[in-house]
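The sequence and structure are shown first.

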Amino acid sequence: EIGYMRLYEQIDAMDIMGVHTLNYIVLPRIVAALLTFPCLIILSLTLSMFGGYLVSLFSDGIPKDYYLHGLITNFKPFEVTVAGVKIIVYSFIVSSVSCFLGYFFKGSSYDLSRIATRAVVANCVIILTLDYLITSLML
């Protein structure tokens with residue numbers, strides 16, 4: 001989105017008007033990612049535990065008491081802390097790398113699709129590297 005704004009000279013127009021575009025365009029996206037990614041992870045974890053409970057209720061493979069006992073006895077609060085650190089770092093990385101590549105984009109609409117692909121690849125590589133580092137440092 002920021003790349004399209006750069007391509008169609010909307011960012012240049014804001015610069016001419018005296019708007020500090022980094023604060024006006026990039027900062028809200030990073031803050032939004034820092035707020036929404038953890039909410040999505042909490043929602044997905046809650047739904048997955050509830051879904052597992054529903055499967056244990058309606059199937060003969062896993063008794064419901066066994067499932068609930070496994071949730072309680074295998075819960076490790078430090079792993080939740082590690083997951084919290086990871087999601088905060090990942091949300092910042094995903095938003096900031098994408099915003100950086102879009103904000104400093106130069107070229108045509110064809111080049112913009114290449115930059116979008118580069119942003120996805122860069123995010124994947126950085127997240128895999130940071131996942132290894134955070135896991136090895138914290139666990």
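A pocket here is an open set of grid points where a 1.4 Å probe fits, with protein on both sides within 12 Å along at least five of seven lines. The model under discussion is predicted. Its largest pocket has a volume of about 400 Å³, and the second largest pocket holds about 320 Å³ of space.

**Largest pocket**
- The lining of the largest pocket is made up of 15 residues, and those nearest the centre are Leu 45, Met 49, Phe 75, Val 80 and Ala 83.
- Two or more lining residues are contributed by helix H3 (21-58) and by helix H5 (77-103).
- H3 provides the largest share of this lining, with 6 residues.
- By class, the lining of the largest pocket comprises 10 nonpolar, 3 polar and 2 charged residues.

**Second largest pocket**
- The second largest pocket is lined by 18 residues, with Glu 1, Ile 2, Ser 98, Cys 99 and Gly 102 closest to its centre.
- H1, H3, H5 and helix H6 (109-138) each give two or more residues to the lining of this pocket.
- The largest share of the lining of the second largest pocket, 6 residues, belongs to H5.
- The lining of the second largest pocket separates into 11 nonpolar, 5 polar and 2 charged residues.

**Loop residue Glu 9**
- Glu 9 lies in the loop that runs between helix H1 (2-7) and helix H2 (10-17).
- The phi angle of Glu 9 is near 60 degrees, a positive value in a residue other than glycine.
- Glu 9 has a relative accessible area of 53% and is therefore exposed, the cut-off being over 50%.

Note on methods: Residues are numbered from 1 along each chain as its sequence is written. This is a predicted model: local features need pLDDT of at least 70, side-chain atom pairs count only at pLDDT 80 or more; totals for chains, interfaces and linings use all residues. Side-chain values use heavy atoms; hydrogens and water are left out. Helices (H or I, at least four residues) and strands (E, at least two) are DSSP runs, numbered from the N terminus. Buried means under 20% relative accessible area, exposed over 50%, partly exposed in between (1.4 Å probe, protein chains only). On a 1 Å grid over the protein atoms alone, a cavity is a set of points where a 1.4 Å probe fits but cannot get out, and a pocket is an open set with protein on both sides within 12 Å along at least five of seven lines; lining residues have an atom within 4 Å of a point. Grid points are joined across faces, edges and corners, and a volume is the space filled by probe spheres set on the points. Ala, Val, Leu, Ile, Met, Phe, Trp, Tyr, Cys and Pro count as nonpolar, Asp, Glu, Lys and Arg as charged, and the others, Gly among them, as polar.
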